[in-house]
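Here is a short briefing for a first look. It covers a metal site and then a pocket.

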Amino acid sequence: MNIIEIISRFENQSDCIAYLERVRWGDTPTCPYCKSTRTTRNQHRHYCYNCKTSFSVTVGTIFHQTHLPLQKWLLAVSLVLNAKKGLSALQLARDLKVNKNTGWRIAMQIRKAMSQREQRELLTGIVEMDETYVGGKPRKGTKNNPPGRGTKKAPVVGAVERGGNVTAKAVKKDDMKGRDLRAFVRDRIDTANANLMTDDYKGYLGIGRILPHDVIKHAEWYVDGHIHTNTIEGFWSLLKRGMFGQYHSVSRKHLQRYVDEFCFRYNRRKMPPMAAFEYTIKRGMGVQA
Ligand SMILES: [Zn+2]
């Protein structure tokens with residue numbers, strides 16, 4: 001859904017609450033504390049007869065920040081979801097007319113809804129795997145740090161099923177060895193039903209013992225028929241443009257969240273916009289695995 005649709009569909013707080021209640025509970029409000037359905041409502045507050053607690057639909061969800069109108073939350077979800085190259089917290093704050101701390105908090109909450117859970121669906125078929133370095137422009141030279149030294153670029157390992165989903169993980173600089181890459185493969189790829197394509201990085205040596213493995217030698221021939229890693233490289237360039245344009249100073253601590261955000265958008269690219277929006281809302285409310 002784009003912002004015009006959000007604004008016309010969710011004109012006021014009541015519209016938003018009704019929508020969130022339907023997404024979270026269907027027709028039967030359920031106590032978030034004891035799961036009882038013996039509840040009653042007084043406008044937007046609910047009361048549980050079982051544990052004698054009152055609650056609202058946003059309790060325990062990413063939207064639980066009471067002073068912010070829910071329309072802004074729904075707009076924020078739509079803006080982040082539709083921003084192919086990512087959206088900085090600052091831009092989000094401007095778009096929503098909130099202060100920059102609130103913008104940052106909203107962005108982080110929405111990223112929580114977009115985080116990769118344990119990979120339930122393993123990648124199958126032709127899977128391209130690659131590694132890249134993102135974030136942190138090279139520092140300008142100082143006395144102690146000559147130009148080019150001490151860049152804060154962090155490695156990310158990723159794999160994509162051709163025509164399907166992508167998965168990626170921010171790793172430490174030392175965790176790019178063969179053993180780490182093999183662990184990533186076992187964790188996220190259905191090795192019995194996949195064919196791996198990588199470049200000739202030495203970390204991939206011996207990975208053919210786990211699953212069929214084709215190597216593209218960039219130096220010799222860029223695309224050798226179907227043996228290429230163009231899909232994952234396309235994803236990297238999307239990720240890097242987003243990082244570079246919007247997130248100049250992504251700290252290591254938050255890098256995985258940003259990577260997850262880009263994976264989430266990529267993996268929803270074929271979903272109808274309304275379905276992708278609702279899926280994200282469900283994740284934000286904890287009702288979607
Ligand atoms: Zn209860």
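Four cysteines hold the zinc ion: C31, C34, C48 and C51 each coordinate through SG, at 2.3 Å. The model is a predicted one. The points below take the zinc site, then the second largest pocket.

**Zinc site: geometry and spacing**
- The arrangement around the zinc ion is tetrahedral, because its 4 donor atoms subtend angles of 102 to 117 degrees.
- For four donors to count as tetrahedral, all angles must lie between 85 and 135 degrees.
- Ideal angles for four tetrahedral donors are 109.5 degrees.
- Along the sequence, the donor residues follow the spacing C-x2-C-x13-C-x2-C.

**Second largest pocket**
- The second largest pocket has a volume of about 300 Å³.
- It is lined by 13 residues, and those closest to its centre are L81, K84, R265, R268 and R269.
- Of the elements, α8 gives the most to the lining, with 3 residues.
- By type, the lining of the second largest pocket holds 8 nonpolar, 1 polar and 4 charged residues.

Key:
Residues are numbered from 1 along each chain as its sequence is written. This is a predicted model: local features need pLDDT of at least 70, side-chain atom pairs count only at pLDDT 80 or more; totals for chains, interfaces and linings use all residues. Side-chain values use heavy atoms; hydrogens and water are left out. Donors are N, O and S atoms within 2.8 Å of the metal (3.2 Å for Na, K and Ca); water is not among the atoms, so sites may look incomplete. Four donors count as tetrahedral if all angles lie between 85 and 135 degrees; four count as square planar and six as octahedral if opposite donors are over 155 degrees apart and all others between 65 and 115; anything else is irregular. On a 1 Å grid over the protein atoms alone, a cavity is a set of points where a 1.4 Å probe fits but cannot get out, and a pocket is an open set with protein on both sides within 12 Å along at least five of seven lines; lining residues have an atom within 4 Å of a point. Grid points are joined across faces, edges and corners, and a volume is the space filled by probe spheres set on the points. Helices (H or I, at least four residues) and strands (E, at least two) are DSSP runs, numbered from the N terminus. Ala, Val, Leu, Ile, Met, Phe, Trp, Tyr, Cys and Pro count as nonpolar, Asp, Glu, Lys and Arg as charged, and the others, Gly among them, as polar.
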